[in-house]
Amino acid sequence: MQAECRRGAGQAVPFSDFPGYEQVTQVFRRIVSRGTYHPAYLFHGPSQMGKRRLAAAFASAIFCREVEGDFCGHCSACRRMTSGTFPDYRLIKQEGAFIKIEHTREMIGEAAIQPHEAPKKVFVLDPADRMRIEAANSLLKVLEEPFPFSIFILITSSPHAILPTIESRCQKIRFSPLPYETVAAQLMEAHALEPSAAETLARLCGGRPGLAEELAKGDFLAERDKVIEVLASVGADGELEVFRVSHQVRGSRDAAQRFFQLLIPVLRDALLLRQGGDPKGLLNQDRQEEVRSATKKFTPEELLAAWQDATECSWNLLQNASAPTQIERVLLQLCPVEKARAR
Ligand SMILES: [Zn+2]
């Protein structure tokens, strides 16, 4: 495996960089200080919780030569974890809709060989539910007769899609959404956000720090306001607006994903308002009136269908679906012309 990206460059950080995950990091510290490992760990929970970064931090804690059970940042192992050149760590990612079978084969071949210098080799599969059945069966064979010096970390937001025979051989580590205040405090420190912007973003992300980090890279408040405007325009004028948005995301699944990440909480809030829910539960608390006004033309059933479709289409994008098609599928059903046609 030559690709640097598969070594997890730049992902290594100390456990103190994961506020809110103290319980999980405490478990990792204990595991490392005891030096007894499971052959495999299953990190499961909603997507974009920071599971991959924590896998790198766990591996760094195993490799570090200066601090027991953590990442020191300056020993030769930590420095190479940061630069993505540590030889006993591998990150195996999905390419296209699946993890490539040859990458799984290479991984298993490498796992059978003694580590270069660390006490253990660590292989991270993300997302582990995107292994083809043949690859999953090969991994299962390894877990049935594990190599004493290799550890696998399987990351998934769909644990039901992992072979039960693999799942039962893993120590499971569950990742739950963090309190909004914890994520907001983290955002204020890392991105110098104003408290109100940090709290809004933490809510929009449903307490998922990985997603918050992702959205914090752009002007998410302005983008969120654009999404609300799009809904208002779709309700009023319809198809032209939909095709304008789908044209904008042409060729960029990331742009479409970002659109869905902001659209899903808006649709959820619109539904909550329409059903007379408590406004304290809104994710876009600072835009209550705007959300209400932009979505007043839609029935609760239409909002529910669009919300469910948006969630599904966001997942489809991860499986390499076409960005414009997914946008059109969600938004066209809200257009007056389309609704008239469906009747
Ligand atoms: Zn170190």
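Strand 1 (residues 40–44) is mostly covered, with 5 of its 5 residues buried; strands (E, at least two residues) and helices (H or I, at least four) are taken as DSSP runs and numbered from the N terminus, and a residue is termed buried under 20% relative accessible area, exposed over 50% and partly exposed in between (1.4 Å probe, protein chains only). The model is a predicted one, in which local features need pLDDT of at least 70 and side-chain atom pairs count only at pLDDT 80 or more, whereas totals for chains, interfaces and linings use all residues. Residues are numbered from 1 along each chain as its sequence is written, and side-chain values use heavy atoms, with hydrogens and water left out.

Within strand 1, the side to which A40, L42 and H44 point is opposite to that of Y41 and F43, and all of these residues are buried. The strand pairs in the parallel sense with strand 5 (residues 150–156) over 5 bridges, pairing being assigned if DSSP finds at least two bridges between two strands. A parallel pairing with strand 6 (residues 171–174) is also present, over 4 bridges. Y41 stands opposite I153 in strand 5 and opposite Q171 in strand 6.

The zinc ion is coordinated by the SG atoms of C64, C72, C75 and C78 at 2.2 to 2.4 Å. Donors are N, O and S atoms within 2.8 Å of the metal (3.2 Å for Na, K and Ca); water is not among the atoms, so sites may look incomplete. The angles among the 4 donor atoms run from 105 to 118 degrees, and the site is tetrahedral, a class that requires all angles of four donors to lie between 85 and 135 degrees. For four tetrahedral donors, the ideal angle at a metal is 109.5 degrees. The spacing of the donor residues in sequence is C-x7-C-x2-C-x2-C. Of these cysteines, C75 is buried with a relative accessible area of 4%, and C78 is buried at 1%.

Side chains of opposite charge can pair when their charged atoms come close. With a salt bridge defined as a side-chain nitrogen of Lys or Arg within 4 Å of a carboxyl oxygen of Asp or Glu, the count comes to 19 salt bridges. One of them joins R90 and E110, whose closest N and O atoms are 3.5 Å apart. R90 belongs to strand 2 (residues 89–95) and E110 to helix 4 (residues 101–111), so this pair ties together parts that are 20 residues apart in sequence. R90 is buried at 7% relative accessibility, and E110 is likewise buried, at 17%.

E134 counts as partly exposed, at 47% relative accessibility. A further salt bridge, between R329 and E312, has an N to O distance of 3.3 Å. This pair links helix 15 (residues 323–332), which holds R329, to helix 14, which holds E312, the two residues being 17 apart. Both are partly exposed, R329 at 33% and E312 at 42%. Salt bridges with shared partners also join R224, D225, D286 and R287 into one network.

Helix 14 (residues 300–318) also contains E302, which is buried at 17% relative accessibility. Beyond its neighbours within four places in sequence, E302 is in contact with K297, L334 and K339, contact meaning heavy atoms within 4.5 Å.

How values were computed:
Four donors count as tetrahedral if all angles lie between 85 and 135 degrees; four count as square planar and six as octahedral if opposite donors are over 155 degrees apart and all others between 65 and 115; anything else is irregular.
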